[in-house]
Amino acid sequence: MNFDYQTVLNWHFDDVEQSYSEKDSILYALGLGLGNDPDSLEQLKYLYEKQLQSFPTMALILGHPGAWMSNPKTGIDMLKVLHGDQHLEIHRELPSHGTVVGQNKIIDILDKGSGKGALIFTQRQLFDKATGDLLNTQKALIFARGNGGFERPPQTAHAPPPSIPEHPAEAYQDIPIAPHAALLYRLSGDYNPLHADPKVALKAGFKKPILHGLATFGIAARAVLSSCAKQPTARLTHFNARFSSPVYPGETLRTEIWRQQSKIIFRCKVLERDQIVLNNGTAQIAQ
């Protein structure tokens, strides 16, 4: 079935109810490499059940609608799908354990043209089932490279991503990624064999299994919080970035940081290859 703009734009998603435990929160934090300094109290608060906190980006693995794009009715060419941007707006802190309800929807689709693909904009809102509180709003851009050239109404204008300052970064933090990082992170729910099976990775054009993009996203959040959240009560309220290139386990991720008044600008690169992997990133921290 060919890609149909109206079918995908009006795709129906059932609410996704998901329960998670303190063990799940700890496992997620370990998947981001937290605990590489077991004496750090700043890391331990995400790893020790006494007064445990969930790491903010854990919200991104909860309330997921599953592999809806692989449904033949969408007409989406899954072999050519890429995760473009990820945005996270935090309204309330995610409890260390509980039950959440994810409400997912398509908010827009832009046609890049025949042979260029389509941009699919999605949104997920995550609610605490016990209180009904809206915990966070997540928006993602999916680049469906094989699905451009369809007929649709006039294009919606979307704000361009922020540019990276031309002057050197004001701060940076290097975080080594463990060789087993992808194998550990996948236990939080993303079992795509691309992140575990060398044969699948080679078939997809990579020299070996790659790290999950959302794991890179979470590691970047670690770096920004470590560098910029100086008060004990500081909390992350916004975290957004564009995916530029994959990361291999065993590499070193450098997060470069600039401050623009209340906004933090950042990007990430792999030191070993001098390759930008996350770009046009913005964050806000409530002190």
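# Salt bridges, cores and loops

Visitor: How many salt bridges does the count come to?

Guide: The count comes to 9 salt bridges, where a salt bridge is a side-chain nitrogen of Lys or Arg within 4 Å of a carboxyl oxygen of Asp or Glu. Please keep in mind that this is a predicted model, in which local features need pLDDT of at least 70 and side-chain atom pairs count only at pLDDT 80 or more, while totals for chains, interfaces and linings use all residues. Residues are numbered from 1 along each chain as its sequence is written, and side-chain values use heavy atoms, with hydrogens and water left out.

Visitor: Which residue does Arg 242 form a salt bridge with?

Guide: Its partner is Asp 85, and the closest N and O atoms of the two are 2.8 Å apart. The pair links distant parts of the chain, since Arg 242 is in strand β7 and Asp 85 is in strand β2, 157 residues apart. Strands (E, at least two residues) and helices (H or I, at least four) are DSSP runs, numbered from the N terminus.

Visitor: Is Asp 85 buried or exposed?

Guide: Asp 85 counts as buried because its relative accessibility is 9%, whereas Arg 242 counts as partly exposed at 30%. Buried means under 20% relative accessible area and exposed means over 50%, with partly exposed in between (1.4 Å probe, protein chains only).

Visitor: And which residue forms a salt bridge with Asp 174?

Guide: That is Arg 254, with the closest N and O atoms 2.7 Å apart. Asp 174 lies in strand β6 (residues 171-176) and Arg 254 in strand β8, so this pair ties together parts that are 80 residues apart in sequence.

Visitor: Which residues are linked with Arg 267 in a network of salt bridges?

Guide: The network links Arg 267 with Glu 256, Lys 269 and Asp 274. Glu 256 is buried, with a relative accessible area of 11%, and Arg 267 is partly exposed, at 25%.

Visitor: Where is Asp 274, and what is its phi near?

Guide: Asp 274 sits in the loop between β9 and β10, and its phi is near 50°, a positive value in a residue other than glycine. For background, most residues other than glycine have a negative phi. Asp 274 is also exposed, since its relative accessible area is 55%.

Visitor: New topic: which residues touch the most other members of the largest nonpolar core?

Guide: Of the 53 residues in that core, the ones that touch the most other members are Phe 55, Leu 94, Leu 211, Val 224, Phe 239, Phe 266 and Ile 285. Elements that give two or more residues to this core include α2 (22-31), α6 (213-228) and β10 (275-286), and the largest share, 10 residues, comes from α6. A nonpolar core is a set of buried Ala, Val, Leu, Ile, Met, Phe, Trp, Tyr and Cys residues joined through side-chain atoms within 4.5 Å.

Visitor: How many residues are in the second core?

Guide: The second core is separate and has 16 residues, among them Tyr 5, Trp 68, Val 81 and Ala 144.

Visitor: Back to α2: what do its buried residues pack against?

Guide: The buried residues of α2 pack against β1 (16-20), α4 and α6, contact meaning heavy atoms within 4.5 Å. Those buried residues are Ser 25, Ile 26, Tyr 28, Ala 29 and Gly 31.

Visitor: Where is Asn 136, and is it buried or exposed?

Guide: Asn 136 is in strand β5 (residues 134-144), and Asn 136 is buried, with a relative accessible area of 2%. Leaving aside neighbours within four places in sequence, Asn 136 is in contact with several residues, including Ala 59, Leu 88 and Arg 124.
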